[in-house]
Amino acid sequence: SEGGDVRLFSGRNREQREVKHEEHDRTLEQMHEEDGVHAVELTEANFKPWLEENELAFIDLFAPWCVWCQRLAPTWEKFAQEVKKLEMPIGVGKVDCMAQSNLCRAEKVMAFPTLRWYQNGE
């Protein structure tokens, strides 16, 4: 402290800003019907082969009952569609951890949603 002034930080951000969430004009089901499915549904059987096919991969490991996962789903699908449209060399996938509990346990998923980046299968 310069000049002997001691200032304490109260630990509170005085400037509060509103968090804006992306609004969607269509439901996930409507997006799938109209545009197709772009985020690849991964299972225990196709997970490793899919990672080998995609040098870069971004995966959403989710639980269908999780509110935050439900809110993320349309954004994740839109993201996957955009990646495909821009021909980016990234695989975008999703894993339903209730249906694929062994896979999520092996991947050490501790919270939902879990977004994981894989490079060369790791």
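Author: Leaving aside residues up to four places away in sequence, L61 touches V95, C97, C104, V109, F112, P113, T114 and R116, where a contact means heavy atoms within 4.5 Å. The model is predicted, so local features need pLDDT of at least 70 and side-chain atom pairs count only at pLDDT 80 or more, while totals for chains, interfaces and linings use all residues. Residues are numbered from 1 along each chain as its sequence is written, and side-chain values use heavy atoms, with hydrogens and water left out.

L61 belongs to the largest nonpolar core, which has 13 residues; F47, L51, I59, L61 and V95 touch the most other members. Such a core is a set of buried Ala, Val, Leu, Ile, Met, Phe, Trp, Tyr and Cys residues joined through side-chain atoms within 4.5 Å. Buried means under 20% relative accessible area, with a 1.4 Å probe and protein chains only. Helix 2 (47–53), strand 2 (56–62) and helix 4 (101–106) each give two or more residues to this core; helices (H or I, at least four residues) and strands (E, at least two) are DSSP runs, numbered from the N terminus. A second, separate core has eight residues, including A39, L72, A80 and V83.

As for the whole protein, buried residues make up 32% of its 122 residues. Of its contacts with a separation of 6 or more, 76% are between residues 24 or more positions apart. Its elements, four helices and four strands, run α-β-α-β-α-β-α-β from the N terminus on.

Terms used:
Buried means under 20% relative accessible area, exposed over 50%, partly exposed in between (1.4 Å probe, protein chains only).
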